[in-house]
Amino acid sequence: MTGIEIITDKCVGCKLCVKACMFSAIDMKDKKAVINDNCTLCGACVSSCKFDAIQMEKEKARKSVDISEYKGVWVFAEQKHGVVSQVAFELLGEGRKLADTLSVPLSAVLIGNNVPKQAKKLIAYGADNVYYVEHQSVENYNDESYTDIFVQLIEEYKPEIVLIGATTYGRSLAPRVASRLNTGLTADCTGLEIDPEERLLLQTRPAFGGNLMATIICPNHRPQMSTVRPKVMKPLEPDYSRTGEIIQPGVIIPENLKVKVLDVVQTVCETVSLSEADIIVSGGRGLGEAKNYALVEELARVLGGAAGASRAIVDAGWVDYSHQVGQTGKTVGPKVYFACGISGAVQHLAGMSSSDIIIAINKNPDAPIFKIATYGIIGDVREILPELIKQFKDKLN
Amino acid sequence: MNIIVCVKQVPGTTDVKINKETNTIIRDEADIIINPFDEYAIEEGVRIKEKVGGSVTVISMGIPKTAELLREAIAVGVDDAVLLTDKAFAGSDTLATSYALSMGIKKIGGYDLIVCGKQATDGDTAQVGPSLAEKLGVPHTTNVRKIEEIKEGYIRCQRMTDDGFEVVEMPLPAVITVVKEINEPRLPSIKGKLKSKKYEVKIFNADDIGADKSLCGLNGSPTQVIKTFTPVHDINGEIIEGTAGEQAKNLADKLLAMQFVKCK
Ligand SMILES: Cc1cc2nc3c(=O)[nH]c(=O)nc-3n(C[C@H](O)[C@H](O)[C@H](O)COP(=O)(O)OP(=O)(O)OC[C@H]3O[C@@H](n4cnc5c(N)ncnc54)[C@H](O)[C@@H]3O)c2cc1C
Ligand code: SF4
Ligand code: SF4
């Protein structure tokens, strides 16, 4: 059977599961837990019960494909303007570990036009071989053609694991591909591991805006697909003496595309983009007025980072939405995150709490941001920021 | 122009606290709300209708209680609301969700544009939009921040990218997912509120939409959550004291020492 069951003999009526359920789906009747119609079978209550009184079962799934036919780890090498994005090298670093644990090859998939040098670079960064699809019409990313080509490659070569960077394009391509192949896709992973006995990929990811971590498997379908958050995995040191094969597979390049990209506009050219930046300096209401955002931008520039913002000042019109970090903005995970005059509402924390080092600068010592800050400075950002800019300017020269 | 907007119910995010003992989320107010991104999707649907005519239908797959939320959409100008609810849908991952939605949408039929939110604030995957488009066999564009032009059989829109935006055109029917920048949702009018009070949400189960139950819910979901836990932020945060100048110097020294900030 499929569903969830309370084993009434084991239930002691402690109500821990009631609190764990996000959907108000557990009632108490006669001091025993009872699941009601609100239940979405999300599974969160199962691990909350300390008495093993909650059981969730799934029908033995039909294996949709012969999973033993699928071998090897693949990384999608997203390229833009002929340059492979950083996240692909990070994925090769991680993919190398997974492939070595499974004793299978690691391959990169590169789709573009006239970028053979990039293929060599992928080998230097750990790929055993590169599937390189070259054509004028796929010079730039296009959802339709890239999906078509990627699916053809997967059906032909049958990899067991496919990793795709959780960039704008990656998070659009991956679900389209997974849906066509009817396989599982775990979103925005921050941890990957192999269960050596089952040869399964254990994919760990944040959900509920970073308040909950979930480990997800895809036991009966192949490939096991994940999108992986940029800046989490570590690339290998490139070794240009490594050898590998560059394979130009015979795929059908789709023609007469429905989706047409008419224009690509880069607005974040003066600095690095938020998702790629190692250092992010973000500003909030504590800046006092719009013109003080210049301080945030200047510190970001001095540090070679990107400038972010809280929702409050985006809504107030001080800066453009493209700078917004948080639940309804961008999710970032830089090495260092400066929160300048940001109080730290959960919605903001959802977008940045995975940063390695968090620096909070705020007048209010009770601001929630201090709870997750590695370093806190209690003070007025308008005084601290100019001092910081000065310090780094002096020291970085 | 017939527009369908996909709406998900999510737990209200106001008060998230972690129970340290059980490592689970405590919710004082266990209410459900419309996924914030879907508010923008609804508003965009209504704006398109107001501009070019037609109708807007919201569809959701969820628990019976979701029907109340869908009425909120009627109050801001949506014409019809459909709720797919069935025990068979419980435990759906994004693939099973997209399948069920695609069957519901085929049942409604005659659509030109499907609008989804960029992502839901609970599952957080942003996968349902593209996956749904695939199931319907129509093109899609994610992260739309502006519709430049829409007319019979054609849409041209701006998609937000990691470092800017791009202009994409597609024939209709198609799916778009929208970001917050696209509009500012309106508040319900008094007339709208009255209408929503009387409105009865159309409720379909798996059989009504002809869904194959082996492709729905837990059984139709390739992914399986095997463990959940609360993230540990290993923070023994240090407060840096002193005058503004001292604080800045102290912090800069620390960051330079850790080599996070490097000399060029
Ligand atoms: C902790 C946790 C982790 C999870 N991780 C994954 C995972 O990695 N991969 C996976 O496949 N599933 C995962 N799921 C399941 C996933 O949350 C559900 O499939 C959910 O039904 C849809 O995904 P989402 O919430 O991410 O929606 P998103 O894909 O983020 O939603 C995007 C848009 O799709 C539309 N939409 C989404 N759901 C519905 C709906 N039910 N009715 C109408 N419109 C809708 C809305 O317009 C919404 O704005 C996870 C669930 C939990 C609890
Ligand atoms: S947590 Fe377990 S023991 Fe406690 S009420 Fe729930 S089912 Fe019963
Ligand atoms: S499975 Fe999820 S929705 Fe169902 S009772 Fe448990 S926690 Fe609540």
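1. The shell around ligand 1 holds 14 nonpolar, 12 polar and 6 charged residues. In this count Ala, Val, Leu, Ile, Met, Phe, Trp, Tyr, Cys and Pro are nonpolar, Asp, Glu, Lys and Arg are charged, and the others, Gly among them, are polar. Before going further, please keep in mind that this is a predicted model: local features need pLDDT of at least 70, side-chain atom pairs count only at pLDDT 80 or more, and totals for chains, interfaces and linings use all residues. Residues are numbered from 1 along each chain as its sequence is written, chains are lettered from A and ligands numbered from 1 in the order in which they are written, and side-chain values use heavy atoms, with hydrogens and water left out.

2. Which residues come nearest to ligand 1? Of the 32 around it, they are R205(A), K8(B), D38(B), T94(B) and T125(B); a residue is near if one of its heavy atoms lies within 4 Å. The site is shared between chains, because residues from chains A and B surround ligand 1.

3. Several elements each give at least two residues to the shell of ligand 1: β11 (185-189), β13 (200-207) and β14 (212-217) from chain A, and β6 (55-61), α3 (94-108) and β8 (113-117) from chain B. Helices (H or I, at least four residues) and strands (E, at least two) are DSSP runs, numbered from the N terminus.

4. On its own, ligand 1 has 930 Å² of accessible area (Shrake-Rupley method, 1.4 Å probe), and the protein covers 94% of that.

5. Have a look, too, at the open antiparallel sheet of 4 strands, ordered β12(A)-β13(A)-β14(A)-β14(B); strands pair if DSSP finds at least two bridges between them. Its edge strands, each pairing on one side only, are β12 (191-195) of chain A and β14 (224-229) of chain B. Antiparallel β12(A) and β13(A) are joined by 5 bridges, and D195(A) has L200(A) in β13(A) as its bridge partner.

6. Ligand 2 has a shell of 10 nonpolar, 1 polar and 1 charged residues. Among the residues around it are C11(A), C14(A), C17(A) and C49(A), along with K15(A) and F51(A).
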